[in-house]
Amino acid sequence: MWSAPLTVYQYVLLVYFSGLNLLYALFCCVGLRALVIVFAREFSQGSLRDLLERDVYKPVSILVPAYDEEVSIVGSVRSLLALQFPEFEVIVVSDGSTDETMARLIDAFSLAEQPWASRQDLPTAPIRRTYRSLTHPNLVVVDKENGGKADALNAGLNLARYPLFAAVDADSMLDAEAILRATRLFVEDETLVAVGGTIRPLNGAVVQDGRVTELAMPKRWLERFQVLEYARAFFTGRAGWSHFKSLLIISGAFGLFRRTAVLEAGGFLVGTVSEDMELVVRLHKHFLRKGQPYNIRFTPDPICWTEVPTDLKTLRRQRNRWHRGLCETLWKHRDMLFNPRYGRLGMVAVPYFWIFEALSPLVEVSGYLIVGVGAFTGFVSPRFTILFVLLAVLYGMLLSQLAAGVETFLSTRYPRLRDRVVLLVAAFIEFVGYRQFLVLERTLATVQVPFKKGQWGKMRRQGATAVAAPETAVTAPRP
Amino acid sequence: MWRRYGDAVYTLVTFAVFGFETLALGALSISFLLGRTTGIADTPVEGILLATLTSTASALALLGFFLLAYHFTSTLRDRWHVEQLDTWTERWIALALEDTPAEQLAEGSTRRLPRAAVDAVLSLLEVVKSEEGDRLKAVLAGHGVDRLLLRHVRSGHLTARLDAIESLGKARLPQAFDALISLLKHPRPVVRRMAVRAAAGTLATMPPEPGPDGPGARFIEALKGTDIQSGVAQESLLLLETRAGAVLRDLLAQPDLGDRLRWVALETTGRLGLADMAGEVAGSTSHADPELRAAAFRALRRLGSVPEEAHGSLLEALRDEVDFVRVQASHAAAFLPSEVALPALEPGLEDESWWVRRATAASMARLGDDGVAAVRRAAETHPDQAAREMAVQILLEAGVLDPAAARLVKGVA
């Protein structure tokens with residue numbers, strides 16, 4: 001009786017597996033050719049120097065939402081103030097912090113309270129005080145009542161003076177040239193409304209004066225697996241989607257936006273755990289509905305460093321939040337699914353995210369069950385089962401290696417040959433427990449979507465960007 | 001930021017691996033479907049699965065080997081290249097300063113210069129100009145580097161083409177100018193962008209040659225006929241350095257100049273601070289396109305002067321229906337005589353746009369003691385709270401008011 005449905009389901013699984021992996025492969029090829037080869041040549045050091053010397057840049061407001069970031073905030077702000085860019089302001093928004101975040105900022109940057117005639121383009125929770133630094137004229141600090149990360153970003157946006165703004169997490173660190181490289185794209189393309197940069201794990205690196213001075217592979221396998229995950233996400237996935245003008249995610253850790261476009265679309269959505277993805281999807285929707293030419297891009301160049309979770313509990317919470325955020329956003333914009341009005345976004349990108357991202361944990365769990373049951377009942381031969389599982393593992397390793405391979409071409413790559421071997425081994429070991437662990441958490445998150453709407457959860461960090469390094473509570477970016 | 005060798009090979013490896021994997025997975029899916037749903041018992045599903053598995057394992061081994069080998073060799077190569085660059089840079093410097101005869105330069109090497117030698121001289125040529133630069137260029141040409149680069153510019157390989165354009169941009173060889181501007185019609189945007197930058201850099205070093213057939217005129221014609229973004233066109237004009245003034249003057253005088261390029265010319269004139277071109281800019285202050293009106297006022301603000309013929313259009317623009325025109329006009333009004341500017345600016349303090357209020361107050365504060373006094377008066381007594389707040393903020397930013405005093409200003413604290 002169950003033979004026919006099981007056969008069909010097995011076939012669906014096979015096609016699902018083949019389709020997903022071939023899409024990844026396509027993105028990998030496209031990413032390499034369209035982005036790395038071109039970017040490596042067009043955005044050379046010489047051309048960047050020309051840009052600076054001749055004042056061809058657009059000034060940027062850097063928005064840093066902070067909630068209870070006493071450990072890392074001073075180091076982060078210092079690294080931002082040291083960026084190589086001629087005209088920018090840093091706006092730190094303390095979102096009702098309950099720790100010493102404000103006190104540390106006031107002390108470190110000689111902040112003086114001053115009234116501020118800001119625009120009220122976007123409604124936000126009340127602002128308590130606005131401060132300006134006496135030592136750094138381009139630093140503004142806002143102390144406001146708690147309203148969430150999106151609300152803090154909106155408050156910063158109300159104060160931003162420049163045509164472009166960068167949303168940067170308070171626990172992340174930007175490469176010295178990151179803003180310059182990202183703004184260059186806005187100079188070249190008037191239709192560009194947002195650019196997402198590459199995020200790389202900071203764990204294992206040596207940081208001095210807010211800069212990564214030496215890169216080394218983290219010691220724990222848990223962190224090494226995440227190095228691979230970030231490489232897969234940024235060097236293949238985002239690059240591919242960007243090439244097809246269907247990029248749906250710009251990491252909250254670092255993205256550069258055209259201020260007027262974001263204001264036109266209504267700013268960041270308050271009450272979601274995925275304000276970064278939600279904004280990007282809304283920007284697409286907004287401009288497609290208006291019929292106005294626009295572009296949203298990923299660039300492999302501007303690099304932001306972030307500390308990835310070092311323990312399973314934090315990792316679980318992070319992935320749970322990411323997956324809920326993805327589901328929340330897709331559900332909120334469900335009218336885009338297979339809607340030809342939204343072009344390739346509605347017909348390809350959004351369906352992909354529904355089928356291969358949001359529903360993937362359910363498919364994967366059911367796949368494990370079916371193959372297990374099939375093998376146990378004799379419906380599927382054990383030999384076939386083993387071969388198929390092995391194929392899935394090898395194919396996954398192949399994709400991981402291709403993504404990690406792109407990293408080899410970066411001048412700031414993991415320098416030791418041993419690190420490259422570790423990445424090869426990590427691509428194999430991650431299939432033994434790590435992936436299944438994450439699949440289970442994402443399955444749980446799928447079920448929790450209606451019950452935990454907008455809940456972030458505490459994150460435990462080591463504080464690599466900080467002056468000192470005790471425990472802190474921060475939110476981690478989505479890769 | 002990125003290593004530029006091996007990436008094309010890596011892309012090829014990726015294509016090859018996944019081309020084969022696509023076939024294998026496709027065959028597996030079809031054979032599975034045939035075997036299971038049509039009941040064809042002897043479909044070789046397991047055989048195909050095994051073959052797919054073997055090919056994937058082989059691909060993984062190949063890729064792993066490639067990456068390890070690349071990592072190892074590129075580490076050695078990078079180190080060696082840096083050493084070579086240092087050595088060659090020293091030789092080129094000696095040559096540029098005429099300490100070494102050109103024929104001794106490539107001593108011990110073949111007539112064709114090694115890669116490190118070319119890289120070193122190209123880096124030098126970015127900073128060394130005039131006679132020393134010409135001497136280096138002559139040696140490059142003597143070794144056939146110009147011909148090699150020009151051949152690569154026409155290459156079918158994107159990487160080779162982009163590398164050659166970049167090198168020509170650094171070398172600024174006059175003999176490459178026409179080849180570069182011909183690339184402005186290339187279908188690939190990245191080629192057009194890099195070519196226009198390289199052509200502009202080259203033109204900057206070429207001797208002036210007025211007339212319709214001169215390089216400046218040819219550059220303008222190429223710009224008019226190409227599809228590049230305004231930002232890139234602007235960057236190319238800025239790269240013209242000392243030649244920029246003449247080219248911009250010719251460009252603005254073109255009767256058939258499109259709005260986009262006119263906007264670029266106005267922006268560039270302002271950015272370069274070509275004060276003697278204020279008259280040319282003034283002509284666009286009453287243009288029908290608000291973007292162009294705003295660009296003209298922005299340029300005048302940067303030039304630091306508003307010619308008399310533009311006074312009328314500026315005063316009119318302070319009441320323009322488009323807010324960004326009012327913003328730029330308000331900024332430019334700081335260069336009008338204060339007795340004309342102050343009464344015209346003051347209504348802008350209660351403009352509905354925050355940006356106009358800010359530009360107005362900032363301009364007023366720049367109009368000397370009278371202007372600062374007017375802003376201070378607005379901060380204390382203006383009936384509109386938004387105007388008072390903006391006046392206070394501008395006074396704070398100008399350092400005229402300290403934060404403690406600002407809090408005491410009625411209605412703002």
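Okay, let's start inside chain A: A:M277, A:E278 and A:V281 in α9(A) meet A:G325, A:L326, A:T329 and A:K332 in α10(A). Contact here means C-beta atoms, placed from the backbone, within 7 Å. By class, that contact has three nonpolar, two polar and two charged residues. Nonpolar is Ala, Val, Leu, Ile, Met, Phe, Trp, Tyr, Cys and Pro, charged is Asp, Glu, Lys and Arg, and the others, Gly among them, are polar.

Before I go on, this is a predicted model: local features need pLDDT of at least 70, side-chain atom pairs count only at pLDDT 80 or more, and totals for chains, interfaces and linings use all residues. Residues are numbered from 1 along each chain as its sequence is written, with chains lettered from A and ligands numbered from 1 in the order in which they are written.

Back to the helices (DSSP runs of H or I, at least four residues, numbered from the N terminus). α9(A), residues 275-290, packs on α10(A), residues 312-332, at about 25 degrees, with axes 9 Å apart. So they're roughly parallel, meaning under 35 degrees. The axes are lines fitted to C-alpha atoms over the stretch in contact, and angles run from 0 to 180 degrees between N-to-C directions.

Now across to chain B. There, 58 residues of chain A are in contact with 66 of chain B. α1(A) gives the most to chain A's side, with 18 residues. That side divides into 34 nonpolar, 10 polar and 14 charged.

One helix pair to look at: α13(A) and α2(B), residues 45-96, pack at about 25 degrees, axes 9 Å apart. Their contact has 19 nonpolar, seven polar and two charged residues.

Conventions: Contact = placed C-beta atoms within 7 Å. Helix = DSSP H or I, 4+ residues; strand = E, 2+ residues; numbered from the N terminus. Parallel < 35°, antiparallel > 145°, perpendicular 65-115°, else oblique.
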